[in-house]
Amino acid sequence: MVVRLLFCGWLLSAGVWAEAPLTVAVTASFKPVLSALSDPFSTATGQSMRLVSASTGVLSQQILAGAPFDVFFAADRAHPQHLRDALNLPADRVTTYALGALVLVTQDPAVQTLDDLHDYAGRVIIANPLQAPYGAAADQLLDRLGFSGTRVRANNVSQARQYLSLNLATVGLTAASVAQDLPGAQAIDPTLYPVLEQQVIVLRASEQTRRLLAFLQSTEAIQMLRDMGYREPGNGEPVEP
Amino acid sequence: MKFSIQGHWRGQQLDLQGQFAPGERVALLGASGAGKTTLLRLLAGLDHMPEAQIDIAGKTLGRAWQSPCSLVHQQPVMFAHHRVEQTVHFGARFRPNSQALPMREWAEALDLTDLWQQSCAALSGGQQQRVALLRTLMSQPAWLLLDESFAALDALSRVRACDVVADYCRRTGAGLLLASHHDSPQRILCDSAYSVDQLTGSYQPNLFDQLNRVSSEGGMTTLSGTAEQLTKGFLAVLVDRQSLYLAVPERWQPGNARISLEASEISIALGDQHQTSMVNRLKATVDSLVSIDGERVVVGLRLDQQRFSATISLWSRQRLELVVGQTVFAEFKAAAVQWHGQAH
Amino acid sequence: MILDAIGLTLRLAGTTTLLLLLICLPLAAWLASTRSRAKPWIESLVALPLVLPPTVLGFYLLLIMSPNSRIGAAWVELFGQSLAFSFWGLVIGSMAYSLPFVVQPLQRTFEGQGPLIAEAAHTLGAHPWQTFWAIRLPLAMPGLIAASVLGFTHTVGEFGVVLMIGGNIPGQTQVLSILLFDQVESLNYALAHQLAAGLVLSSLLVLFCLYRWNHQSVVRIGG
């Protein structure tokens, strides 16, 4: 009996709270930023949000299958565009919320700067170019540098970080957002690789989602983006093709 | 072989001690569960009891594959991927002893020639027992341990298998320990006995002292004699200077032989003049009269040296007025005499 | 690319199966007959890859292969390159992952033989090693073949561990399942379909042959 009461209570509370907060789908790599912004956002707006995190591909599949997300922060351009077409949403539902940055992580004395990669014959860890935009950018950068060694392709930037932190290879190109605390990380001139636009798609337009996107333009949010290895879009940056 | 097995073993208190001369053929007697299989497994090195001391030919018993004792399991173990020929050769493979053994001759005697190329997996229980026996003989153990190894054989095959085992022991000088539910293999093959009763063992130098004592309650008595010649379609065997006749066995030769008499098949006559269809008629002296179960009497009968028994009804005894010391004639059919081989 | 991946996959599965058989035959024979107290522990360890997510296995393999660990450091010392992202790294990972699929059928087979088979051989003077080669192994042939087929197909179908430790290098560590995953993820469904259908069909065929053969097998255990 007590159990049944408790269970009803749990159902009720779940029902009550499911209405109120925003349900935000976020690609795994951007989750730390939104988590950190969660408290300032509710302080500023009185609004709370629930974060659902997975890889961009998985979240896209879930959205196509009818997952009840209000907004989806993807790690690339392709998936939000694809969702917009598939769900017949207006063009203005998709905007760029951040630009990713690539960093070189090196603990190998033979690789002091990016140009040393030209003659480097060892392994370089990158994310899988077929799946991760950072991987594709790194792949193109390596082509451009004339790198002829082995490209070890991690499944995504997090795995690339894992490989590097375990010293399984000494050189890697990965996202600045995941390489913050890796020793030997150095910034790369953003003009050397394609722009890494990360786009957000509003799935259920409302006052709440509008507030969330507006909050991301605030000084506080932009500072957080920069601290965590991203750049804010706009101001001369190429945003839309 | 000398063994002293005392102590706890799998929850039981064992007290088995004994000493057998090289080449001795010992019948292992005792009710089932008395510990016969336990003893055989320990002697074969298949089980290890730390307190046990087992010395064979002056050497301490090692692991099963080093043991000079080979056990033929009660349930014959077949290697399903072998043909009969392969498995018998497998027996000869790991103990390449000097002596060549008449493998094909024994195979013929065991009726295995026609099965020679068959898969071991396709054999019947009796066939498997014969194959397992031959395979073990080919490994030339100094002691052959047989645990109910004739159980699945019919009477004729059993006698033939005993002949083969006797031949093996004769050629190699190997000793034999034989546990058998049927006592005929023991009567054919063994001389001495080791009785296991409630996990305690005792040795009797003469098997028949033990086996024939059972016949004081009206069982079977084995007598030794000399096979002489064929007479009128019977084989004549001389026992204590009297001839008795039995159906001609499959194989025999003049010389030592054992025959057994079933007490209940023997009747007693007082005079030697009366006519009877009985083939056998032995003159004997009554040396004991023991009444059993109120209706029957076991009559102990003495020939020159050997004793045997007859069971008659109480009424017959009273009618004949039998007394100890009286001379009587034991009469029985030829079919009542069992041929128990010439292993000795 | 596909041919590279197929060749690599077959080479990986073959090498893994062969090495696993070498390890698992004595291990399974021992497990089947031992009364050691360590037996349930060893059995649990062997079965662990059945219940662990491949990512956990992959994670620990990465830790071991890392030069930060002693084993990883020793490997780098010996071969000048880390074990991760190499063919032999994959072999080791696949061996760990497919271990229960090879040990368990073998162990069941040896257990099915019972103790008497070995005893009978011992009484004929065959020591345990001779008994193993001449009797127990030939009698275990059905189990051996089942174990090989399961180990091989399981390695071919392996994904999670390779994804963790392989590095997806074409011709070196990009096996079929990883190539397939890449194609799906990059929306290249045509090639993905071909690969997937090929994998399904060939696995089905191999398993069918195994079960059919097992059904008709004449080698039975025991008497």
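User: How many residues of domain 1 of chain A are in contact with domain 2 of chain A?

Analyst: Two residues are in contact if their C-beta atoms, placed from the backbone, lie within 7 Å. Here, 10 residues of domain 1 of chain A meet 12 residues of domain 2 of chain A. On the domain 1 side, five are nonpolar, four polar and one charged. Ala, Val, Leu, Ile, Met, Phe, Trp, Tyr, Cys and Pro count as nonpolar, Asp, Glu, Lys and Arg as charged, and the others, Gly among them, as polar. This is a predicted model: local features need pLDDT of at least 70, side-chain atom pairs count only at pLDDT 80 or more, and totals for chains, interfaces and linings use all residues. Residues are numbered from 1 along each chain as its sequence is written, while chains are lettered from A and ligands numbered from 1 in the order in which they are written.

User: Where do the two domains of chain A run?

Analyst: Domain bounds come from an automatic or database domain assignment. In chain A, domain 1 covers 2-99 + 196-231 and domain 2 covers 102-187. Their C-alpha centres are 29 Å apart.

User: Which element of chain B gives the most to the side that touches chain C?

Analyst: Helices (H or I, at least four residues) and strands (E, at least two) are DSSP runs, numbered from the N terminus. The contact involves 22 residues from chain B and 20 residues from chain C. Helix 4 of chain B gives the most to its side, three residues. The chain B side comprises 13 nonpolar, seven polar and two charged residues.
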